[in-house]
Amino acid sequence: MPQVADLASLQEIDDHLARLTADLDEARADLEDDEALESARSALTEVEERCSALEREQRQLEGEIDGLVARVEKEEGRLYDGSVNLPKELASLQQEIASLRSRLSDVEDTELALLDRLEEAEGAREEARAALQREEAASAEKHTRLGGVIERLEAEIAAKQTERETCRTRLTAALVAQYEDLRRRRGGVAVTHMQGSICTGCRVTVPPSARKRALDPETPTLCPNCERILVGY
């Protein structure tokens, strides 16, 4: 195959490899993106912590209620067992019992309100667990799907790289070096074509003499403007 045609083929292979590599990078990035899953996990952790805090608070209130009930029972026992006889002491004891009962009523009201909050938090926890399960299922499906895509792209890239190496071996070392240098300096595009009298690389009109030289399949001709290898056929 003429050298210029091999250069054009090498450019096509590199263009294809660039697209495959970009697709592979995108698939890998998408595979690593677990933002929705992490958000669901964080939401569940947050509501579980809220439930735990409310449950601790409930246990504290229950402990306080148990203590108040015990104190009321003890003081009422003293009130009726005859151990307190003096009117002043009896009045003081009755006042203490009334104060304990008032405190007990307040704590019980606080517990009732807390139970409402706990019930709401437990409902939110169940919703968060369901949401996490959905995200875990979606993540598993995504990993399966993208794993297949990545495997296919890696195989295609390997095949193209083999094709590229085969194409390079048909070129002289000097042409390969020139091609690689142009790709580096010209944004990955070393070989361009003519569209009529226009260089498709820089969109500038190519002089007739250069257009004529670009028709030679064996001698690479550079675009006078962008200096890319110009293929005229």
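**The sheet and its helix**

Author: Four strands make up an open sheet, and their order is β2-β1-β4-β3. The pairing is mixed. At the edges are β2 (198–199) and β3 (221–222), each of which pairs on one side only. Keep in mind that this is a predicted model.

Now the pair β1 and β4. Strand β1 covers residues 191–195, and strand β4 covers residues 229–231. The two run parallel and are joined by three bridges. His-193 stands opposite Val-231 in β4. In general, strands of a sheet pair through backbone hydrogen bonds, either parallel or antiparallel.

Next, the helix on the sheet. Helix α1 takes in residues 3–32 and lies across β1 and β4. Its direction is at about 105° to β1.

Start with Val-4, which sits in helix α1. Val-4 has a relative accessibility of 1%, so it counts as buried. What does Val-4 touch, leaving aside residues up to four places away in sequence? The contacts of Val-4 are Asp-216, Pro-217, Glu-218, Thr-219, Pro-220, Val-231 and Tyr-233. One of these, Val-231, is the residue in β4 that His-193 stands opposite.

Then follow the chain from Val-4 to Ala-27. These two are 23 residues apart along the chain. Their C-alpha atoms are separated by 35 Å.

Helix α1 also meets helix α3. The axes of α1 and α3 come within 9 Å and cross at roughly 160°. The cut-off for roughly antiparallel is over 145 degrees, so α1 is roughly antiparallel to α3. The crossing of the two helices, α1 and α3, is left-handed. Sorted by class, the contact of α1 with α3 has 13 nonpolar, five polar and twelve charged residues.

Lys-160 gives a view from the other helix. Lys-160 lies in α3, which spans residues 87–169. Is Lys-160 buried or exposed? Its relative accessible area is 16%. The limit for buried is under 20%, so Lys-160 is buried. Lys-160 touches Ile-13, His-16, Leu-17 and Leu-20, again not counting residues up to four places away in sequence.

Helix α1 lies across β1 and β4.

Definitions and conventions: Residues are numbered from 1 along each chain as its sequence is written. This is a predicted model: local features need pLDDT of at least 70, side-chain atom pairs count only at pLDDT 80 or more; totals for chains, interfaces and linings use all residues. Side-chain values use heavy atoms; hydrogens and water are left out. Two strands pair if DSSP finds at least two bridges between them. Contact means heavy atoms within 4.5 Å. Axes are lines fitted to C-alpha atoms, for helices over the stretch in contact, and angles run from 0 to 180 degrees between N-to-C directions. Buried means under 20% relative accessible area, exposed over 50%, partly exposed in between (1.4 Å probe, protein chains only). Angles under 35 degrees count as roughly parallel, over 145 as roughly antiparallel, 65 to 115 as roughly perpendicular and the rest as oblique. A crossing is left-handed if the near helix is turned anticlockwise from the far one by less than a right angle, and right-handed if clockwise. Ala, Val, Leu, Ile, Met, Phe, Trp, Tyr, Cys and Pro count as nonpolar, Asp, Glu, Lys and Arg as charged, and the others, Gly among them, as polar.
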